[in-house]
Amino acid sequence: MIALLLFDMPFEQDIRELFMAFYPGRTYIYKADPQAGIIFTGRRIDNPDGGIYDVELIFGSHTEPEAYDEEHFSVNIYNSRTEVKNELKRQLYRILSKHTGIELPWGTLTGIRPVKIAVNMMESGFSTQEVLDEIKTTYLTGKEKACLCVDTALNEIRILKDIDYNNGWSLYIGIPFCPSTCLYCSFTSYPISRWALKKNEYIAALCRELEYTAKRMKDMKLHSIYIGGGTPTSLEACDLETLLSALKSFFNIDDVLEFSVEAGRPDSITYEKLLVLKKYGVDRISVNPQSMNLKTLNTIGRNHDVDMVKEAFALARKAGFLNINMDVILGLPGEDAEDVQNTFYELKRLAPESITVHCLALKRAARLNTEKYRYKSTAYEAVESMLDISRQYCRDMGLMPYYLYRQKNTAGNFENVGYSKAGCECIYNIMIMEEKQTIIGCGAGSTSKIVIPDENRIERAENVKDPALYIERIKEKYMDL
Ligand code: SF4
């Protein structure tokens, strides 16, 4: 248990997130408690010499004198808020690093979009070297992650350079059904078998929402479409035909820069479905193995084996898809570096145009979390070496990092990275991370983010997650359509 006692002092979230990076899985309390193993006390003090935040850290307890330790530091608060925050985090980082013996690869950077810092600096005229130095000194980020951040930012700027953010938008369509539920799943996803009877009602509701969206957005240019979920290809070929033909009648699909479908689960992919996607102009799909090791696929509850991944990939090539992404998760239960090596060896033989590498995130609602006593978690150092393997393979395959984000509660607090061949990157993935362009989400569980550039803010709106409720809401909302 860690106690955070803040008196007239902001930055609670930053402080807690830094603690979480060093001590994953601990509970936080906000009052003095003798059970707390660490007590952080921060208070603002105004004195004749200036204002300061005075910080005291107590490790261990008076009842365990051998473990007891006290640290103390102060931060001048007459600098800018950002400088104060960065200085506070640097001092706290050094103390926690000394006490745990851990150096965090990302240093004090705990946010989910570190690339934004690099992109903003580059767009303000800073050189690559200056950005690199700033990331290393201000955030104590290790050289390797700082280089990854800068490389990703350079690619992102190149990919987005001709995109008119203010007059364009992206469309997300959510299909919340899957063949089965993966052990680690925290998305809006329901087994398709339970929805066999009502799925037509879902598609009809979705088409209504799409029609309304097309009318509302008619004056803006649709840049990219992403159909995700769930697993869109868990629908039958005839359902996909219904959805895509409606989509084509509402929007000018021929003009979009990118049309992606997350085919995702190999056990949902058929040649017939792929031909429907191709017919309606889908130009990028994902075939996601997550692992190419059978024992892992069985553990995580996927209904497919390694051969099915290869078959689905071959079918996609046969159907004419020249831009295929494959998702991999590092830190899956029971996997070690050798398993990851095998996964990438197999992917290299398939030679997809892009690979998205995720670190396993323990999300609250996922079965992996609720039943975590049954699975051995992967050590921090092991995930680091898995990331090294993934980076090396992607480099050998000519895939460059183009988008990156970090998730809370990932194994080792590492990053998720999209690697791609030049020209095959997913623009939508960057847009969702950088929040520079409006994204309208249609379907159960989808989120819309409306960028209001004049006011420098984003408005969010979420659809209900439950498909039955979604169908009801759409009926009520768009009665007149
Ligand atoms: S394929 Fe994705 S959305 Fe479907 S159950 Fe697995 S993790 Fe969840």
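This is a predicted model: local features need pLDDT of at least 70, side-chain atom pairs count only at pLDDT 80 or more; totals for chains, interfaces and linings use all residues.
Start by selecting Asp-454, which lies in the loop between β17 (447-452) and β18 (457-462); helices (H or I, at least four residues) and strands (E, at least two) are DSSP runs, numbered from the N terminus. Asp-454 is exposed, with a relative accessible area of 78%. Here buried means under 20% relative accessible area, exposed over 50%, and partly exposed in between (1.4 Å probe, protein chains only).

Residues are numbered from 1 along each chain as its sequence is written, and side-chain values use heavy atoms, with hydrogens and water left out.

**The two domains**

Colour residues 1-102 as domain 1 and residues 163-472 as domain 2; these bounds come from an automatic or database domain assignment. Four residues from domain 1 and four residues from domain 2 make the contact, where contact means heavy atoms within 4.5 Å. The C-alpha centres of the two domains lie 39 Å apart. About 270 Å² is buried between domain 1 and domain 2, and carbon and sulfur atoms give 58% of that area. Buried area is the accessible area (1.4 Å probe) that two parts lose on being put together, summed over both.

**The ligand shell**

Next, show the ligand and the residues around it: Cys-178, Ser-180, Thr-181, Cys-182, Tyr-184, Cys-185, Phe-187, Ser-189, Gly-230, Thr-231, Arg-265 and Arg-302. A residue is near a molecule if one of its heavy atoms lies within 4 Å of it. The shell divides into five nonpolar, five polar and two charged residues. In this grouping Ala, Val, Leu, Ile, Met, Phe, Trp, Tyr, Cys and Pro count as nonpolar, Asp, Glu, Lys and Arg as charged, and the others, Gly among them, as polar.

Pick Phe-187 from this shell. It is placed in the loop between β7 (177-178) and β8 (190-191), and is exposed, with a relative accessible area of 58%. Ser-97 is 90 residues from Phe-187 in sequence and 34 Å from it in space, C-alpha to C-alpha.

Then move to Gly-230, in the loop between β9 (221-229) and α7 (237-250). The peptide bond leading from Gly-229 to Gly-230 is cis, with omega near 20°.

**Helix α3 and what covers it**

Select helix α3 (residues 114-123), whose buried residues are Pro-114, Val-115, Ala-118, Val-119, Met-121 and Met-122. Looking down the axis of α3, these buried residues fall within an arc of 165°, so they line one face of the helix. The arc is that of the directions from the helix axis to the C-beta atoms. An α-helix has 3.6 residues a turn, so residues three or four places apart point the same way. Among the elements that cover the buried residues of α3 are α4 (128-139), α5 (143-160) and β14 (400-406). After α3 comes Gly-125, with a positive phi near 100°.

Go to Lys-145 in helix α5. Is this lysine buried or exposed? Lys-145 is buried, with a relative accessible area of 3%. Apart from neighbours within four places in sequence, Lys-145 is in contact with Pro-105, Trp-106, Leu-387, Arg-391, Phe-414 and Glu-415.

Thr-108 comes next, in the loop between α2 (81-100) and α3. At 2% relative accessibility, Thr-108 counts as buried. Beyond residues up to four places away in sequence, Thr-108 touches Leu-18, Lys-89, Arg-90, Tyr-93, Thr-138, Tyr-139 and Leu-140.

Thr-356 sits in strand β13 (residues 354-359) and counts as buried at 3% relative accessibility. Leaving aside neighbours within four places in sequence, its contacts include Asn-325, Met-326, Tyr-403 and Val-417.

**Two backbone stops**

Phe-11 is in the loop between β1 (2-7) and α1 (12-22). Its phi is positive, about 70°, although Phe-11 is not a glycine. Phe-11 is buried, with a relative accessible area of 6%.

End at Glu-435, in the loop between α14 (427-434) and β16 (438-442). Glu-435 has a phi near 55°, a positive value in a residue other than glycine, and at 13% relative accessibility Glu-435 counts as buried.
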